[in-house]
Amino acid sequence: MKILSLAFKHRITYASNCKSLFSKPLIKKFSSCSRVRDAFSPLDTFPRRHNGSSESDVKKMLDIVGVKDMEELASKTVPANILSKQSLALGKGLTENELLKKLKNIASKNKTHKTYIGMANASLLDEGTAAAEAMFIAYSAGKQKQHTFFVDKKCHPQTIACLQTRAECFKIKVVVGNALDYDFDQHGKDLFGILAQYPATDGTINDYTELANKIHSMGGQMICATDLLALTLLIPPGEWGADIAIGNSQRFGVPLGYGGPHAAFFACKKQHVRRIPGRLVGVSRDGSGNKAYRLSLQTREQHIRREKATSNICTAQALLANMAAMYGVYHGPEGVKNIAKRIHNFTNTLAADIKSHGYTIKTNHFFDTLNVHIEGGSKKIYEKALKAGINLRKVDDFTIGITLDETVTKNDLENLINVFAKDPSYVPNLVDIEKSNIPNRFLRTSPFMQHQVFNSYHSETEMLRYIYHLQSKDLSLAHSMISLGSCTMKLNATTEMIPVTWPEFANIHPFAPIDQAEGYKILIQHDLAEITGFDGISLQPNSGAQGEYAGLRVIGAYHKSRGDEKRDVCLIPDSAHGTNPASAAMSGMSVLNVKCNNGDLDMKDLEEKAKKYKDRLAAFMVTYPSTFGVFENGVVEACEIIHNYGGQVYMDGANMNAQIGLCKPADIGAD
């Protein structure tokens, strides 16, 4: 089975009237894209609007290169044995207006119910991934000599699943249990860390002070998965003994988007700073002595340490991080605290009314989440809610979970209460319960968000001026082209971005019933299989490096399914992107570098190493075109060599844009 894991999330691509940039009709009739061919041809075609080169520009470039047309350029650039003989079967191209109409139709197939499921994120670069990175930091702090990691059973289920997957390749034993009632001494000196959720996935606020003291006495690290909004009211993890705090920033103004992307956050004690995945901005001085900000610590160490790197994180999720940051800038400390208080008051009010109908609230101390026990079973309530356009969390056969957020209104609350009302004629009479359900011992007293930037821009006008001031410091497409490397985000046209704002796409919860996301299903099963030639597609990885990891784990699972578990060697060209060897190491593979000569793969070295390790060869990672931008002639032969010795080929999609319409990874030999 051929699987492609792509490094972008729910991206909407579409063909123009001229198909792909280098598909056969376009190669032969490139100039026809830039002018009206007849009286009935539409003007709002994608190439005319978004391919910046005019006919004269193209001719000048072709003259400099020394070819007569685009067809000759393609034939001289791409090896003949992989150059596609047919155009992509993508159907008739659409104009931009036609595309928007089609997308509106697709979006209408999604059902935007009012959702109270909670747990937010479910993508591969989020709270679960951050928890895994924290686990590895704790593992590294213990010199990788301890191999047991404890996870409280009240962590979000997707986080537990992610940890278990990540731990497998490092032979780390993940133990799941009740952290408040567990005999940690049974693990002796082998326990290197504990993860607890605060508040827990069932909404409970627990005191983990003694838990932190216990793991510290055993030489391990205390990790806390938490909620930024809740921490405006609750004692922060660092004050009760946590060494690392992680979570996701979705609640700070980022739409649900069917699971992401949402930027994770990661905080730790100073002793762990140099192990943090990502980049840290520090305060420095410029050449004139003025205060300046710079990247003071970068652990994109995979470019330096490669297979010895401790993380393959390759993105800052900058757009989502900036959205969450600007939410904080606009609201300020008092604003976000007031939002948190409102949510908590609503939750208190809801709890009181639900209890008045004879139900039991299983959550004693809570912030925004209730677990309600339903005598006789939860199915009836769950289905009644669905009919009312409401999504609840079905925790088990007798428990319903409800999580409120800042979008909830009084009317929403009344509709929710009616779901639990046993008398059909019941009319909710909401009473504002201002007294907090949170005991004083849990309440935060320390200040937060004290920097001037969070206390200055609280009107729309002030925010617009501040954002404009910041953007004036950036080099963007408003100034020039951005000639950075292969893994930069490619330009998305405005038409492609508009649907992101539509509620039918933005407001779908990742754990909503599948029949509420039929529109997303259509997008996910879009044209990428035809473009790449593969049989199956996953859009879950939220970065190239996460796609690498997913692909290599699939390859490992393939070998395991065939009883070939000893295959653990991954061959990687020494010119490869640094995340390649880092991802291979994280997948439990031993990395061997393959020589390159002036950017070209050394075929002799590849075959010698593939033959030497034929009994252990698991995978070969190749970027195509290469990181030097070259369509190497030997790529088909390289894939054949790997297959002949029992391995699988992972093709890095960083330069996939250059292949579209010219060749397909599956035809080349990638798995």
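**Notes on the surface and the cores**

1. Val281, Val283, Tyr293 and Leu295 make a nonpolar surface patch of about 420 Å². Patch members have over 30% relative accessible area and no salt bridge, with nonpolar side chains joined within 5 Å; a salt bridge is a side-chain nitrogen of Lys or Arg within 4 Å of a carboxyl oxygen of Asp or Glu. Areas are Shrake-Rupley values with a 1.4 Å probe. Strand E9 (279-285) and strand E10 (291-298) are the elements giving two or more residues to the patch; strands are DSSP runs of at least two residues, helices of at least four.

2. This is a predicted model, where local features need pLDDT of at least 70 and side-chain atom pairs count only at pLDDT 80 or more, while totals for chains, interfaces and linings use all residues. Residues are numbered from 1 along each chain, and side-chain values use heavy atoms, without hydrogens and water.

3. Tyr293 sits in strand E10 and is exposed, at 52% relative accessible area. Exposed means over 50%, buried under 20%, and partly exposed in between.

4. The largest nonpolar core has 61 residues, of which Leu392, Ile402, Leu404 and Phe420 touch the most other members. A core joins buried nonpolar residues through side-chain atoms within 4.5 Å. H11 gives the largest share, 10 residues. A second, separate core of 32 residues includes Phe534 and Leu606.

5. Ser583 lies in helix H20 (residues 579-586) and is buried, at 0% relative accessibility. Its contacts (heavy atoms within 4.5 Å) beyond four places in sequence include Asn312 and Tyr549.

Note on methods. Patch = residues over 30% accessible without salt bridge, like charges linked within 9 Å, V, L, I, M, F, W, Y side chains within 5 Å. Buried < 20%, exposed > 50% of the residue type's maximum accessible area, 1.4 Å probe, protein only.
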